[in-house]
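Please look through the sequence and the model shown below before reading on.

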Amino acid sequence: MSENKDPHVPQGTQGVKFVYDFTEGNKELKDLLGGKGANLAEMTNLGLPVPPGFTITTEACKVYLESGDEPAALRDEVSAHLSALEAAMGKKLGQADDPLLVSVRSGAKFSMPGMMDTVLNIGLSDKSVQGLAKQAGDDRFAWDSYRRLIQMFGKTVLGVDGELFEDALDKAKQAKKVTVDTDLDAAELKKLVTKFKKIVKSEAGRDFPQDAREQMDLAIHAVFDSWNTDRAKLYRRQERIPGDLGTAVNVCSMVFGNLGPDSGTGVAFTRDPASGQQGVYGDYLQNAQGEDVVAGIRNTVPLADLEQLDKKSYDQLMQIMETLETHYKDLCDIEFTIERGQLWMLQTRVGKRTAGAAFRIATQLVDQGLIDEAEALQRVNGAQLAQLMFPRFDDEYANGGKGAEQLGRGIAASPGAAVGKAVFDSYTAIKWSRSGEKVILIRRETNPDDLDGMIAAEGILTSRGGKTSHAAVVARGMGKTCVCGAEDLEVDTKRRRLTVNGHVVEEGDVVSIDGSTGKVYLGEVPVVPSPVVEYFEGRMHAGADDADELVKAVHRIMAYADRVRRLRVRANADNAEDALRARRFGAQGIGLCRTEHMFLGERREMVEHLILADTDEERENALKELLPLQKRDFIELFEAMDGLPVTVRLLDPPLHEFLPDITELSVRVALAESRKDHNENDLRLLQAVHRLHEQNPMLGLRGVRLGLVIPGLFTMQVRAIAEAAAERKNAKGDPRAEIMIPLVGTVQELEIVREEAEQVIADVERSTGVALKLALGTMIELPRAALTAGQIAEAAEFFSFGTNDLTQTVWGFSRDDVEASFFTAYLEKGIFGVSPFETIDKDGVGKLVRDAAAAGRATRPDLKLGVCGEHGGDPESVHFFHEVGLDYVSCSPFRIPVARLEAGRAASTSAGSDHR
């Protein structure tokens, strides 16, 4: 850290405390101390065995990233805390005869496994390595620790290619004809240190630093810088973590798991993060240090084996795990080291878990009395529920009954069924997936540089590592299927193939992996619906004796969400089949019936007759043809949704969409003319296509404009709705139709259509003798409509926000064009955190929705408000619509359970845990 005589002091940092001892913080200070630092402080407060240390705050990181230099006061604060640490430990950092060694580790507010940097064994040098060897009485341990420092420091701090160190290590093992690094002796490790230092000198253009404080300061800066590495930014975008949080830095006195067979390092979970089952879960590695377990470089043993290796440490660990789970009231993920029989806790956090585990654990904790139902609801989310609704492998095939060939089996690290072509590096995974191919990324083990390939893949398969390896932890966080530690698989990334039991799987061959069983198959295994979908479909009952435990957990949480939510959930459905499925999934009506979908297929020709009509009589005949068909559609829909509201949108899209393609038709006419074979109908069609052709049809003759320009079109649809409602009433049904006029920009448009609709409804009432109560409203999908909502509400009984078109018109985007052309670049550059077509743009589109809702209700207090864009099924958007005060959201049938769950979460007052 630089000692500036006249440092620039960023505004607002004077007097700010930038360093906290582990004894000073607590778990509530994650914003300031990061998750790791806050939890180290919490464990220290609980009296658990935590090595002494201190945390540099996220505020210091922010200053460093903004100004390019550390805060002026930071060096002195670090020096003071380092001196206190040295006094407590009775030795100084890097002391030649008995060195204090420290780790420098990142720790952001939200867990970002493997995305940022860590350096262990800081303080070792050519001199102090001798002192460490003497104090430990173990030369091999000392030189192993030193080579690890140079390797980590070289890669992390000095930017040296990590493969160079790995290659040198592999050559040393090959020379001795061994396969694991623990078989290298002190002399060989000493030679390796010399080789590593030469690599640093050659690649970094400088010697490996021998001054311990310089090592520590450079490592701290490297951790700060790692916040903005490409992989960290990619992970934050994937997990929707804000980019301005910064990372804390934890400086912790080293404890060593590589001191021999009575030492080791491990990762433990208080419950199985894959299934949620209670028990002993985790991985342990004897005679190993720090990152070895997570990196998956050597295969671990199950945590339960520790009981045989070191019962005293095992029993103490079990007690600590119970203490932590009871204290945090959640699944805890723990990193620990055993140094010559002494257990040390290096980290704990609320653990990442699979979607199924999240639901099971939430209900288990309610049953144990640790949390209430409101908190359980906050422990799960819509994205997890959606994941549980994905298909799974057909057991009949997967169990070998019908042609599936099992290649091997690994550890079931993250559940799901994934099928794709085998690829052996991230670059190929990305390239092929962008071409539309589904791929399975196969590696010996993954590392943080594989993140973009993991995102692109359908699933991940590794031959090394366990449930706590990098691949497993990241896959669970992303909801990706993952099988780890399939030891029988020989993965050759250079030749792009895997070999197992005589089979060779080349790049491009199709494989299937089952993250619930760990099984790996050659070829494609068929999938079947998930039990959660079967439950929503009504084919599986949560109360049955043989009901799946997961289904029971989902049922309990969904039932509570339904009890507490204020927002109602409707479906976007255009036919009786979709409406019935939506009802089974819990829909409370239809929020959008798109009538244009009723004009496709055989009926397209009737629409052509309407468009080509030259006289009023021809137009009326065409409309008379369509009327009974429309009426039948609505009768079926009202019957399917009997007793629930059905919002029918009158015809919206441009009429040219019902006509043949202009190029195709022009060629057809030209060919016919060349053969002297004149087709009068094709000529008329071509003239109509030319007449109706628009440069920008989405902003042209569509919606309410169609109803005003083509006489009788909207009144025919209104008559069909009214007659269908009357017929259902006569059949003792309870139709609750709502008529929605699309693309209104001014109240005058709505008033004209409303007046005509009311006349038609009154006429149907007279002719049928049935009193009808049909609400008339509009879709707010233009900025002007939102800005003049107070006026429009005078003529509307309800608003439904069409957020798809509203997003297009607010941003000036043509969705079909921009998503294909520049959205990827906008996401990569951070202009969007997420596409505004996926999640509501709160500051722009959201502000219009908020203001229009308020203005509409100021005019008409009983105005019903809903949303019918696909944002209605997006979890984050549902929370916004709840906050704004809408009455309902409407989405596709498959997303209804997600919307129900999120509406409940939005209404629940519990803050809940954040599992990002």
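With which side chain does the side chain of Gln630 make a polar contact? The partner is the side chain of Gln717, at 3.1 Å, where a polar contact is a pair of N or O atoms within 3.5 Å, of which, within protein, one must be able to donate a hydrogen and the other to accept it, and residues adjacent in sequence count only if both atoms are side-chain atoms.

## About the model

This is a predicted model, in which local features need pLDDT of at least 70 and side-chain atom pairs count only at pLDDT 80 or more, while totals for chains, interfaces and linings use all residues. Residues are numbered from 1 along each chain as its sequence is written, and side-chain values use heavy atoms, with hydrogens and water left out.

Gln630 belongs to helix 24, which covers residues 616-640; helices here are DSSP runs of H or I with at least four residues, strands are runs of E with at least two, and both are numbered from the N terminus. Gln630 counts as buried because its relative accessibility is 0%, and the cut-offs are under 20% relative accessible area for buried, over 50% for exposed, and partly exposed in between, with a 1.4 Å probe and protein chains only. When neighbours within four places in sequence are left aside, Gln630 is in contact with Thr595, Met598, Phe599, Arg603, Met716, Gln717 and Ala720, contact meaning heavy atoms within 4.5 Å.

As background, an α-helix has 3.6 residues a turn, so residues three or four places apart point the same way.

## Two residues with positive phi

Arg496 has a phi near 55°, a positive value in a residue other than glycine, and its place is in the loop between strand 18 (490-492) and strand 19 (497-500). Because its relative accessible area is 30%, Arg496 is partly exposed.

Asn501, which is not a glycine either, has a positive phi of about 50° and lies in the loop between strand 19 and strand 20 (503-506). With a relative accessibility of 64%, Asn501 counts as exposed.

## Buried and exposed places in loops

Not counting residues up to four places away in sequence, Phe585 touches Met389, Val533, Phe536, Glu537, Pro893, Phe894, Ile896, Pro897 and Arg900.

Ile710, in the loop between helix 27 (704-709) and helix 28, is likewise buried, with a relative accessible area of 13%. Glu657, in the loop between strand 26 (645-649) and helix 25 (662-674), counts as partly exposed at 41% relative accessibility.

## Distances along and across the chain

## The chain as a whole

The chain contains 37 helices and 31 strands, and its C-alpha trace spans about 105 × 65 × 60 Å along its principal axes. With 916 residues, a compact globule would have a radius of gyration near 29 Å, and the 33 Å of this chain agrees with that; the radius is taken over C-alpha atoms, and the globule rule is 2.2 Å times the number of residues to the power 0.38.

Of the 916 residues, 56% count as buried. Among contacts between residues at least 6 apart in sequence, 69% join residues at least 24 apart. The chain exposes about 37700 Å², of which carbon and sulfur atoms supply 47%, with accessible areas coming from the Shrake-Rupley method with a 1.4 Å probe, where for residues only the protein chains shown count as cover.
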